[in-house]
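The stops below are given in the order in which to select them.

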Amino acid sequence: MSKLQFKSIFKATGTIESIYTGGQVCVSPDASQLLTVCGEDIYITQLSTGQLSLKLEGENDVITSFAISEDGKRVISASRGGLAIVWDASTGEIQRRWKLGEGVVVSMDTKDGMVACGAADGVVTVWDVNGGFCTHRFPGHGGVVSCVKVFHDEDENGNERFWVLSGSEDTTIRIWDLLESRPKAVLEGHVSVVREMVTTEDGKWLVSCGRDKVAMLWSLSTMESHLTLPVYEGLETVGILPPSVARENFPDELHENSICIYTAGEKGIIRIWDLLNSKCLYAQAAEPSTKHMITSTIFLAASIQLVAITSDQNIIFHTLSDKHLIRTRQIAGYNQEVLDVTFVGPNEKHLAVVSNTEQLRVYDLDTMNCEICYGHSEIIMSVAGSTNGDLVATGGRDRLANVWKFNPTPPEDSETYSAVQLLGTAAGHTEPVSTVAWPMKSSSWFVTGSLDRTVKVWDIPETTSSAPTEPIKLKARLTFLAHDKDVQSLTISPNDKLIASGSLDKTAKLFTIDGQHLGTFKGHKRGIWCVRFSPVDQILATASTDKTIKLWSLSTFAPLKTLEGHLNSILQLRFCSFGTQLLSTSSDGLMKLWTVRTGECAFTGDEHEDRVWGLAVTKNEEICATGSGDGKVVLWKDATREVEAEKQKEVEQEIELQQALSNHLATSSYLPALRITLRLNHPKKTLDIISQILNPVSLESLETYLSKDATPSETLVPLLHQLNTQELTQLLNHISLLLPTRSTSLALRVLHLLFTHIPLKVEGVLEKDKKMTQALIAYVERYEGVVKRVGGVGNVLGWILGDDGEAGQDDEDEDEEVEADVDDEMSPNGDMQEARGESMDLESMSFAERMRAVMKMNEEKATRATVNGTVDPNEDDEEEDNADGMDIDA
């Protein structure tokens, strides 16, 4: 039997978060990306993976409308403050900004490098995207311009038509001629706000819809109404199916000249029409218990899909096939406060999430496809999955507990099939159902707890492999009064014989499955939010709003241990590592991992910005999920083995490098030795190697390395020349660390050699790290001030800051005395010494002044290069860097 391994760290590997808060939705021309508005930003999501690929960050203002160019390379947005921004859709960089008109832009359309904007003040403006200037301004509407469309083609006689079409709350459609810069026509016929307009492929017809429950067909040659189609619902969107797609799906109903449109609106369904014959060819079946409306639609010609955007911020993909729309994918655009999460399915590849909605959302963790399930009429408060993963139970504020059957494989002939289908409904509680729990060994019954202070046990009858057509009405086997206040949590023992409950009355209680009360756990100072049985020991864990976790004995009902560390109410608990560790989440936004035996916190995860309501762990304990009030679900992976393997690898590499360092020092191979100390980040050893070069113990130790007439400084300079940028940066960092120590003199000398012999490379490094530059200048200034006040030691300053090859020739006692004085001055606790003797008169600029001058000159060069568009002189030096990092070979 393998040794039990404690977990020590979890890493956040993915998130499920909001990508759409309402407004416009676009799909890239190649149908690979989904563009949505999320507050002040535009999110670009890869449709193949469901993962967020790019975020176009706004200017701290809500985006009211946006459009994507025909080639998909640029995104143009308008904000509430009237700022237009042009983005690069591949990199997210802002290419251009300009100020729009006074009115807030609520609709946009772009074509051929022009963008038309409809504003709340009734004005339509047209802008050149490349130049950022206004080409046309058309006032005339008497209300908000609700939709605009840029129209550019040729008529039957070959005459160019470059128009902007606009619809408004004043119920009119206006056509503006961009070539002649004048109004072209006013189309009157709607009696309510015009919501959308679309033209046919041949450019002969215009179709419009509005909230007056009609769709209208207009002739673009005569500018007159040709047909009005009553649809008996307020319309928000209309579109035209390509003739080839329409005739392929409806060959018997349509002829060559037919116009096939689709409409959607307040009923929340899509309908397909033969417009010229005013005939409905297909009407989508309504989802049960739905309250949403469809606000817009997008047709994807490449995949023959209709994308519907709903008022509750969900994005639903339908495939048009054989006269039917088959739902193939759903994306939940906006998660409100996440209240609970649980893994479902045999392989636990799906995650059920409940938030401040009446919808149960089940995510496929591989594709992020979301099944949105309707069955509750009010907010769902809790969710739990059975042990085998086939069943899911939910409890809601509508006083119902629903049981759902999970089947991820839909039949091919179902157009509204959901992977999670409602199996049964349990009605009986008189207050909202706050918690649900499943037994460990069975899925034939479950328990519910409610704000009515009672606990109910429900039986699930034997059913066929598929869910019934109508939900089964479940019956309660047992009901008992459990607490004096709301029941917040329930858990069932591993042997399915005991039920534990936690309540806001500050107690936890233990019952048999027959409702017999066995004992009460008292000790918390505030209400209990979660209770959990240990999987191996006779221990019950409770979490409370008093910021503590308590472990209790099931035999004596006495507290065994109290875990403290959270800063706010503790909301969820889960045992792991065979009951030896405990996961907890809290209102402080943290997830903590505790060791039960010692009571110590082994890990703290901080990925949320609000209280963490939900916590779920897979059976193999490799993955856990947390859901928070910030609307985000975070997926965590147990990275203990991975981190330990990395640490072990680092230890082995360090041992190898230490051995290599010893070998290089033994053979006086100082360059590879210096590179190793820089890679190991050992500042003291780095200076020791340099000290051996500058102050060799004996000439014999360096006779294989130094020429007869070479000074130590002349020997060190070639080594410094061979360091790449990464190594040079590390060396300067070591110098800055050693300046306030007793190695000040040596560190300053090396710094002087660097500035004297390789100034360009040093400048390039210091330019990227201003903080290190300021630290070096400060210490050099302080050291020079000390030396000036030390009389009779002029040779010391020359030794440190003077010409090469003149160091180390003075009397040792005098040097030691000066260095001691300097060390006292540089010490953080040292007092300033009285000036002794006259200050040294420097004939030239000091080293610190030279450093500042070099940095100032470098900044001026960079400024001139930016203005004149010249090349950075340091770019050639960067080519000398080793692309593979530090080379430890000789």
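How many of the six residues of strand E43 (residues 498–503) are buried? Six of the six are, so E43 is largely enclosed by the rest of the structure; buried means under 20% relative accessible area (1.4 Å probe, protein chains only). This is a predicted model, in which local features need pLDDT of at least 70 and side-chain atom pairs pLDDT 80 or more, while totals for chains, interfaces and linings use all residues. Residues are numbered from 1 along each chain as its sequence is written, and side-chain values use heavy atoms, without hydrogens and water.

Stay on E43 and show its side chains. Leu498, Ala500 and Gly502 lie on one side and Ile499, Ser501 and Ser503 on the other, and all are buried. Strands are DSSP runs of E with at least two residues, helices runs of H or I with at least four, numbered from the N terminus.

Next, select strand E42 (residues 487–492), which runs antiparallel to E43 and is joined to it by five bridges; pairing requires at least two DSSP bridges. Val487 stands opposite Ser503.

Then take strand E44 (residues 507–512), antiparallel to E43 over five bridges. Here Ala508 is the bridge partner of Gly502. Three residues separate the strands of this hairpin, where Lys506 has a positive phi near 75°.

Finally, go to helix H3 (residues 670–680). Ten of its eleven residues are buried, so H3 is largely enclosed by the rest of the structure. Among the buried residues are Tyr670, Arg675 and Leu680. Just after H3, Asn681 takes a positive phi of about 60°.

Terms used. Buried means under 20% relative accessible area, exposed over 50%, partly exposed in between (1.4 Å probe, protein chains only).
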